[in-house]
Amino acid sequence: MASLSYEIIYSKFFSKVSAYDFLELPQEHLDDFLCNWIHSAAEKPYIRRLFSSYSMDDEIHQITYIMRYTIDENSDLSFVTEIIALGMVMEWLEPKINNISNIAQLFGSKEEKFFAQANHLSQLQNLMQSISKKQRRIIADRGYAWNSYLDGE
């Protein structure tokens with residue numbers, strides 16, 4: 001059974017985002033956000049199906065897992081870190097897309113529409129789609145290695 005520290009995933013997550021607002025947060029709040037994001041990222045069905053066994057321990061900040069299909073320990077560790085970190089980026093982006101100023105411009109009157117905000121919202125939505133596609137492509141690429149049609153079975 002392999003294990004992975006939350007801190008390794010957090011480090012990968014921080015390498016993918018440039019969010020200086022994290023520096024303003026008290027450490028306790030940042031820890032809560034990170035813990036919630038890592039759980040949300042890992043609980044998606046298309047992520048969980050990759051494991052035959054999976055558990056998260058918030059006390060020791062560790063994920064313990066057994067991959068359904070394994071390549072080797074280092075490759076599996078890198079793969080799990082990457083897909084969960086990408087999921088965390090999506091969880092971090094979601095409230096930025098669904099905030100009140102973006103919603104107000106969508107449902108407000110013509111006077112309340114702000115083109116700069118609309119452009120910003122569009123860029124955030126495109127970024128979210130791009131990250132989601134990247135995550136799913138990484139999962140699909142790994143899955144091709146175990147395609148029974150390619151093995152001749």
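Here are some questions and answers about the predicted model shown above.

User: How should I read the numbers in this model?
Analyst: Residues are numbered from 1 along each chain as its sequence is written, and side-chain values use heavy atoms, with hydrogens and water left out. This is a predicted model, where local features need pLDDT of at least 70 and side-chain atom pairs count only at pLDDT 80 or more, while totals for chains, interfaces and linings use all residues.

User: How many helices and strands does the chain have, and in what order do the elements run?
Analyst: Helices (H or I, at least four residues) and strands (E, at least two) are DSSP runs, numbered from the N terminus. By that rule the chain comes to seven helices and three strands. From the N terminus on, the order is β-α-α-α-β-β-α-α-α-α.

User: What percentage of the residues in the chain is buried?
Analyst: Buried means under 20% relative accessible area, exposed means over 50%, and partly exposed lies in between (1.4 Å probe, protein chains only). The chain has 153 residues, and the buried share is 33%.

User: Which residues of helix α2 are buried, and what covers them?
Analyst: The buried residues of α2 are L30, L34, C35, W37, I38, H39, A41 and A42. An α-helix has 3.6 residues a turn, so residues three or four places apart point the same way. The cover over the buried residues of α2 includes α1 (6-16), α3 (45-48), β2 (51-57), β3 (62-67) and α4.

User: What span does α2 reach from its first C-alpha to its last?
Analyst: The expected span of a helix is 1.5 Å times one less than its number of residues. With 16 residues, α2 comes close to its expected 22 Å, reaching 22 Å.

User: How are α2 and α4 oriented relative to each other?
Analyst: Two packed helices are described by the angle between their axes and the distance between the axes. Axes are lines fitted to C-alpha atoms, for helices over the stretch in contact, and angles run from 0 to 180 degrees between N-to-C directions. Helix α2 (residues 27-42) and helix α4 (residues 73-97) pack at about 115°, with their axes 8 Å apart. Angles under 35 degrees count as roughly parallel, over 145 as roughly antiparallel, 65 to 115 as roughly perpendicular and the rest as oblique, so α2 is roughly perpendicular to α4.

User: Which residues make the contact of α2 with α4, and how do they divide by class?
Analyst: Contact means heavy atoms within 4.5 Å. From α2 come L34, W37, I38, S40, A41 and A42, and from α4 come I84, G87, M88, E91 and W92. Ala, Val, Leu, Ile, Met, Phe, Trp, Tyr, Cys and Pro count as nonpolar, Asp, Glu, Lys and Arg as charged, and the others, Gly among them, as polar. The contact of α2 with α4 therefore has eight nonpolar, two polar and one charged residues.

User: What is the orientation of α1 and α4?
Analyst: The axes of α1 and α4 are 9 Å apart, at an angle of about 55°. That contact divides into ten nonpolar, one polar and three charged residues. Given the angle, α1 and α4 are oblique to each other.

User: Which residues of α1 and α2 meet?
Analyst: The axes of α1 and α2 come within 11 Å and cross at roughly 95°, which makes α1 roughly perpendicular to α2. By class, their contact has ten nonpolar, one polar and no charged residues. Y6, I9, Y10, F13 and F14 in α1 meet L30, L34, C35, W37, I38 and H39 in α2.

User: Which residues does E82 touch?
Analyst: E82 is in helix α4 and counts as buried at 13% relative accessibility. Not counting residues up to four places away in sequence, E82 touches K12, K16, K134 and I138.

User: Is Q135 buried or exposed?
Analyst: Q135 sits in helix α6 (residues 115-144). Leaving out residues up to four places away in sequence, Q135 touches Y46, I47, I83, L86, G87 and M90. Its relative accessibility is 1%, so Q135 counts as buried.

User: What is the phi of H61?
Analyst: H61 lies in the loop between β2 and β3, and at 24% relative accessibility H61 counts as partly exposed. Most residues other than glycine have a negative phi. H61 is not a glycine, yet its phi is positive, at about 55°.
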